[in-house]
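Please view the sequence and the structure before reading on.

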Amino acid sequence: MNTQSAPTAPPAIACTADADGRITFHVVPPDPAAFPSPRLLLRLRPRKGQPEETLRELDLTVGGGGRLTAVLDPLPDLPEGRWDLYLLPEPDGERVRSRPGLRDLRALVAGHLRDRPAPVAVRIPYVTKDGYLALRTWLRDAHAEVAGIDVTDRSTTVRARLHGASLTEGGSVLLRLRGGKGVERTVAPQPGTDGRDLAFTVDHADLLAEGGTGDRVWDVFVRPGAGDETAVIRAGRLLDDVADRKEIFVYPAATAGEFAVRLYYTVDNDLAVEVLRRT
């Protein structure tokens, strides 16, 4: 299939997201004659230097006013990643990259209030930096959704809720040093009444390097119970309408000696803590 865009005006695709994960796409082709048998193509963006492997095509049905509609059902789950959207004028036709129309994501805003079963599947339509429509997806065995972060001079407290799992006896919160070859800090969580809510407090001094030298980053996980040492759940914030929150949700840094300690969201919306020497 030719991956170059066809020489036609990029179509604008509107979409509506439902709370159960269903997304409905609407498009009015700028030139209906140029799209005799159209289909909607979702392409999982490959890693840099890797070939394209995962595609999904959706049927487009014709409605009033020449509007075309495609439905992405909740199942099957989509692999985790970023999906680019294209309009195919006909089978095996040249792809036309899609511009965003109206995105109705109101059903996603309060997604954190609804408990999710395992596996936890999330889909959020968004606009890429170069102005095209795309879909961000997550697919996790379980997930710890961050509900609140409180920063003081000496410590930070995080509140979260488990989805697809419950906290049992011996559960813990792990902060794993990125690139640290197994270096961890373990914190005892304060469980809620139903085994899903939890809170934990991290002392900033405990995250400094031995001897007080070196910048570092800690990734945050929840181990729901003591039985399986490998069963850990990534903490982050996925269950709303924000596809990329790293530059949007910025938390204040606290001072710990010669270092600044700050929680942040990664490019995958996972929670991490950075420790940087102050300049």
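## Terms and basis of the model

Two residues are in contact when heavy atoms of the one lie within 4.5 Å of heavy atoms of the other. The structure is a predicted model, in which local features need pLDDT of at least 70 and side-chain atom pairs count only at pLDDT 80 or more, while totals for chains, interfaces and linings use all residues. Residues are numbered from 1 along each chain as its sequence is written, and side-chain values use heavy atoms, with hydrogens and water left out.

The predictor's confidence in each residue is given by pLDDT, on a scale from 0 to 100. The protein has an average pLDDT of 90, and 94% of the residues score at least 70. Over residues 3-7, however, pLDDT stays under 50, and the model has eleven contacts beyond four places in sequence for this stretch. Where pLDDT is low, the predicted coordinates should not be read in detail.

## Overall architecture

The protein contains 22 strands and zero helices. Both are DSSP runs numbered from the N terminus: helices are H or I with at least four residues, and strands are E with at least two. Along the principal axes, the C-alpha atoms fill a box of roughly 70 × 45 × 30 Å.

Of the 279 residues, 47% are buried. Buried means under 20% relative accessible area, exposed means over 50%, and partly exposed lies in between (1.4 Å probe, protein chains only). The protein exposes about 13900 Å², of which carbon and sulfur atoms supply 50%; accessible areas come from the Shrake-Rupley method with a 1.4 Å probe, and for residues only the protein chains shown count as cover. Among contacts with a separation of 6 or more, 63% are between residues 24 or more positions apart.

## An open sheet and an enclosed strand

Five strands form an open sheet of mixed pairing, in the order β5-β6-β2-β1-β9. Its edge strands, β5 (61-62) and β9 (99-104), each pair on one side only. Two strands pair if DSSP finds at least two bridges between them. Strands β5 and β6 are antiparallel and share two bridges, with V62 standing opposite L68 in β6.

Why is strand β14 (residues 172-177) described as largely enclosed by the rest of the structure? Five of its six residues are buried, so the strand is largely enclosed. Strand β14 runs antiparallel to β18 (residues 216-223), to which six bridges join it; L175 stands opposite V220 in β18. Strand β14 also pairs in the antiparallel sense with β15 (residues 184-187) over four bridges, and T186 in β15 is the bridge partner of L174. Strands β14 and β15 form a hairpin with six residues between them, and G179 in the turn has a positive phi of about 75°.

## Two nonpolar cores

A nonpolar core is a set of buried Ala, Val, Leu, Ile, Met, Phe, Trp, Tyr and Cys residues joined through side-chain atoms within 4.5 Å. The largest core has 33 residues, among which F25, L40, L42, L72 and L135 touch the most other members. Strands that each supply at least two of its residues include β2 (23-27), β3 (39-44) and β11 (133-140). A second, separate core of 32 residues includes A142, L177, Y251 and L271.

Beyond four places in sequence, the contacts of F25 include I13, L40, L58, L72 and L85. L78 lies in the loop between β6 (68-72) and β7 (81-88) and counts as buried because its relative accessibility is 6%. Among the residues that L78 touches beyond four places in sequence are L72, W83 and L135.

E274 is in strand β22 (residues 271-277) and is buried, with a relative accessible area of 16%. Its side chain and that of R262 are joined by a polar contact of 2.8 Å. A polar contact is a pair of N or O atoms within 3.5 Å; within protein, one must be able to donate a hydrogen and the other to accept it, and residues adjacent in sequence count only if both atoms are side-chain atoms. Not counting residues up to four places away in sequence, E274 touches R216, V217, A260, V261, R262 and Y264.

R234 is found in strand β19 (residues 233-236) and counts as buried at 14% relative accessibility. The side chain of R234 reaches the backbone oxygen of L271 at 2.7 Å. Beyond four places in sequence, the contacts of R234 include R140, D219, F221, D270 and L271.
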